[in-house]
Amino acid sequence: MHPHQELLHRFYQAFQRRDYAGMAACYHPEATFEDAAFQLKGAEIGQMWRMLCERGRDLRLAYNDVAADEHAGRATWDARYTFSQTRRKVHNHIQAHFTFQDGLIRTHRDEFSFWRWSRQALGPVGWLLGWSAFLQNKVRATARQGLEQFMARPKQ
């Protein structure tokens, strides 16, 4: 197995345990992360995983189709959780794409159907507006604000 493939398995196994420190250790210091809710770099990525792991008390994760070579990697993963803002159940199916540098994740991009996610997480609003840039931008702004508030809180 290629070392980058092993790295991705280590990352997702840490995620399954909600071990955000183990997840963060898989990223290069100059890494970037992007999905429908976040565009992050460096230490922000580890803080996002910390926030999601701490808040996602019922989070269940399964992953498969992990492949990687010297330059790039991919995986498929499914997250099942309760969306905290609406208390609605979500099953999100995600395609992850990676690049590597110095044996660590340099870029990480997660792709999923925002409309499918918004219908589950937001209910009727997601059904009506989940396809729109307006709702996508609103979710992105709310997620960023939540992460900034999380990072600004005193360390416990």
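Visitor: Which residue is the bridge partner of threonine 32 in β6?
Guide: Happy to start there, with a predicted model in which local features need pLDDT of at least 70, side-chain atom pairs count only at pLDDT 80 or more, and totals for chains, interfaces and linings use all residues. Residues are numbered from 1 along each chain as its sequence is written, and side-chain values use heavy atoms, with hydrogens and water left out. Strands here are DSSP runs of E with at least two residues, and helices are runs of H or I with at least four, numbered from the N terminus. In β6, threonine 32 is bridged to threonine 107.

Visitor: In which sense do β1 and β6 pair?
Guide: Two strands count as paired if DSSP finds at least two bridges between them. Phenylalanine 33 stands opposite histidine 108 in β6. Over four bridges, β1 and β6 pair in a sense that is parallel.

Visitor: How many residues lie between β1 and β2 in their hairpin?
Guide: These two strands pair in the antiparallel sense over three bridges. Glutamate 34 stands opposite glutamine 39 in β2. The number of residues between β1 and β2 in the hairpin is four.

Visitor: Which residue in the turn between β5 and β6 has a positive phi?
Guide: Strand β5 covers residues 88-101 and runs antiparallel to β6, with seven bridges joining them. The hairpin has two residues between its strands, and the one with a positive phi of about 55° is aspartate 102.

Visitor: Is histidine 28 buried or exposed?
Guide: Histidine 28 lies in strand β1. Its contacts (heavy atoms within 4.5 Å) include Gln101, Asp102 and Leu104, not counting residues up to four places away in sequence. Buried means under 20% relative accessible area, exposed over 50%, and partly exposed in between, using a 1.4 Å probe on protein chains only. Histidine 28 has a relative accessible area of 8%, so it is buried.

Visitor: How far is it between the end C-alpha atoms of α1?
Guide: The expected span of a helix is 1.5 Å times one less than its number of residues. For the 14 residues of α1 that gives 20 Å, and the model agrees, because its end C-alpha atoms are 20 Å apart.

Visitor: Which elements do the buried residues of α3 pack against?
Guide: Helix α3 spans residues 43-55 and reaches 19 Å from its first C-alpha to its last, close to the expected 18 Å. Its buried residues include Glu44, Ile45, Trp49 and Cys53. They pack against α1, α2, β1, β2, β6 and α6.

Visitor: Which element gives the largest share of the lining of the largest pocket?
Guide: On a 1 Å grid over the protein atoms alone, a pocket is an open set of points where a 1.4 Å probe fits, with protein on both sides within 12 Å along at least five of seven lines, and lining residues have an atom within 4 Å of a point. The largest pocket has a volume of about 940 Å³, the space filled by probe spheres set on points joined across faces, edges and corners. Of its 34 lining residues, the closest to its centre are Phe38, Leu52, Tyr81, Phe83 and Trp117. The largest share of the lining, six residues, comes from α6.
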